[in-house]
Amino acid sequence: MPTITLPDGSRRSYEQPITAAQLAADIGPGLAKAALAARIEGTVRDLSSTIDRDCAVALITPRTRDRGVDADALQLIRHSCAHVMAEAIAKLFPHAKLVYGPPLDTGFYYDISFEGGRAISTEDFPAIEAEMTRIIGENRPFTRCELSLRDGLDKLRAEGSKFKLDNAERAREAGSTTLSWYATGVPGTNWEDLCRGPHVPSTGRIGAFKVMSLASSYWKGDETLDRLTRVYGTAFATAEELAAHLTQLDEAKKRDHRVLGKQLRLFHIDEMVGQGLILWTPNGSIVRQELQNFISDELRKQGYTQVFTPHIGKLDLYRTSGHFPYYRESQYPPVIEHEQMAALAKEGCSCGELANRLEKGEIDGYLLKPMNCPHHIRIFASSPHSYRDMPVRLSEFGTVYRWEQSGEIGGMTRVRGFTQDDAHLFCREDQVAQELLGCLSLVKLIFGTLGMNEYRVRVGLRDSDSAKYVGDPKNWGKAEDACRTAARTLGVPFSEEPGEAAFYGPKIDFVVKDVIGRSWQLGTVQVDYNLPERFDLTYVGADNQAHRPVMIHRAPFGSMERFIGCLIEHFAGAFPVWLAPEQVRVLPISEKSATYARELHSALVAAGLRAGIDEGNERIQGKIKDASEMKIPYLAVVGPRDAEGRKVSVRAFGTEANLGEIGFDAFVEGLTGEARSRGAETLRSRMGT
Ligand SMILES: [Zn+2]
Ligand SMILES: [Zn+2]
């Protein structure tokens, strides 16, 4: 009878088949109490599942052995909570028809039709939550029952829900031979829902939950089908985790870059210009320019040279690179020359034909560039290279265009045109590892300066059995090793992710954790043995023979749009002095100190600072309030007494009280130093606060 192998490698043999719950009890009462389900041969199953053959079993508890959150446990809790919410809603809204309720990364939702009766509103949430609390308090078991496909479909037809019937039909299409239900309690007596499972053993194991919000949706996402209401909820193993999650959501709302972008006048998206196309307004342009200057300074120190290239290129260029028609779906359609267009129109060429002939290369056109690489490659190829002048490092803040579905567009994080902090390194094979290290050290420096100290690195590798990769497997192996080595040397957490490589080479991705604990996927460094081959790039080696260079693509911060979107949220709009659009504002208390205020303002501007002055008639408290709404880092409040003593009363953003007084020249110098040193020296330290 079954011999069960546990995660620690120990084995237990039983005379009879045993349930996962019995196994947990046999191991110990603590585990029996904590177990939510079991991973049997890697598949998550109910605790009531019978084990009747030799297999590997791990019992799932809310916490992993190193006290982390078990992702499967969280999923089980959330999915089970979705059932409880659906039961509560079904009780309070007898006309409600349930459609589909999957777990999410942040909780779960249930799509429900309220047709033919009262619609749900957020005012119903307390009543729904009270009903859920009652169901959870009764600690009813989740009981699975199975029917044959035919009996199951009969049962659903009798119940008359086209939505559930459709779910079942899809299960049949996917190859299921049975249908299963989960009752919260006794099947036939208590509420039940068509579901594949698995679940936690009973409602009492759900932990802490909250009904979050409503949104409208359509059945199967199709606007021509039934209009549904999506009810969102979330659940965690403990009340503390739920509270932390809610705090994070609250904080995220305050930091939303779309809201702050408007409030601080950083960028604008205009329907007349086009969706997903960012207009950088003067304030946002300052942030971007300062950041670009910083990155450019560092690139220069690392031996990069800068280039500029146009926003379009011939289709043939992208046929050679493989970007066309390979990534057709994510590109704007090609642009065709006037004469060619006229000739095609005369022929009566249809759109379908045109697309076809463009794809086949029978006619040429231009593409809004989806990538900067081919342009940089042609720059490299435009002059001969010797092994001595390798590597060649070409950098450009290059704007590229990608077609995103309109539903996926939002703020600065998903756009249709964006500027990459791009560079291409053409190097000898023996230089790859060193160049990768250089790329990573630059990233480390820039993250460090911005106070983004928590980030990790993902190394994207091939999955062995996929045919989507191009190039020599031997070169792939070398490139993967170089990425691993570089990532390891950096000393930050990194993970290897098979199947995450680009089609032309392995890559290193950066994921930064912001101050409220959310992860942002930024840019990437990629090794490429493929494009040099496709473009037949060469350099002359020490042996006087032609050799193939290796290319490294690197845009470690991704795009300026996404990165600054991330920075706005990271700083909650309160940029450090060196990035702030307005670094300081002079606030005269009254007309009496106006002349002195103007003198101070002029001195600040002359020192190269972005200084403003508020000479309005408003009272000083009002002026301070206006300035703090724009999150200006420093305010120089000057009254007649300051004028007399040539002093400045300083306020910093985010502090209630004044920082104190400082002399006129020391103020200008202190602020200049803080801006120039990008925060390494601060005015505050100069003032001893
Ligand atoms: Zn379920
Ligand atoms: Zn590239």
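How many bridges join β24 to strand β25 (residues 519-528)? In this predicted model, 6 bridges join the two strands, which run antiparallel; strands (E, at least two residues) are DSSP runs, numbered from the N terminus, and two strands pair if DSSP finds at least two bridges between them. Local features need pLDDT of at least 70 and side-chain atom pairs count only at pLDDT 80 or more, whereas totals for chains, interfaces and linings use all residues. Residues are numbered from 1 along each chain as its sequence is written, ligands are numbered from 1 in the order in which they are written, and side-chain values use heavy atoms, with hydrogens and water left out.

Val512 stands opposite Trp520 in β25. The hairpin of β24 and β25 has 5 residues between the strands, and Gly517 in the turn adopts a positive phi of about 90°. β24 also pairs with strand β22 (residues 455-461), in the antiparallel sense and over 6 bridges; there, Lys507 in β24 is the bridge partner of Gly460. Of the 7 residues of β24 (residues 507-513), 6 are buried, so the strand is largely enclosed by the rest of the structure (buried: under 20% relative accessible area, 1.4 Å probe, protein chains only).

The zinc ion (ligand 1) is coordinated at 1.9 to 2.2 Å by His79 (NE2), His83 (NE2), Cys195 (SG) and His199 (NE2), donors being N, O and S atoms within 2.8 Å of the metal (3.2 Å for Na, K and Ca). Because His79 lies in helix α3 (residues 71-92) and His199 in the loop between β12 (192-194) and β13 (208-218), the pair ties together parts 120 residues apart in sequence; helices are DSSP runs of H or I, at least four residues. His79 is buried at 14% relative accessible area, and His199 is buried at 2%.

Key
Buried < 20%, exposed > 50% of the residue type's maximum accessible area, 1.4 Å probe, protein only.
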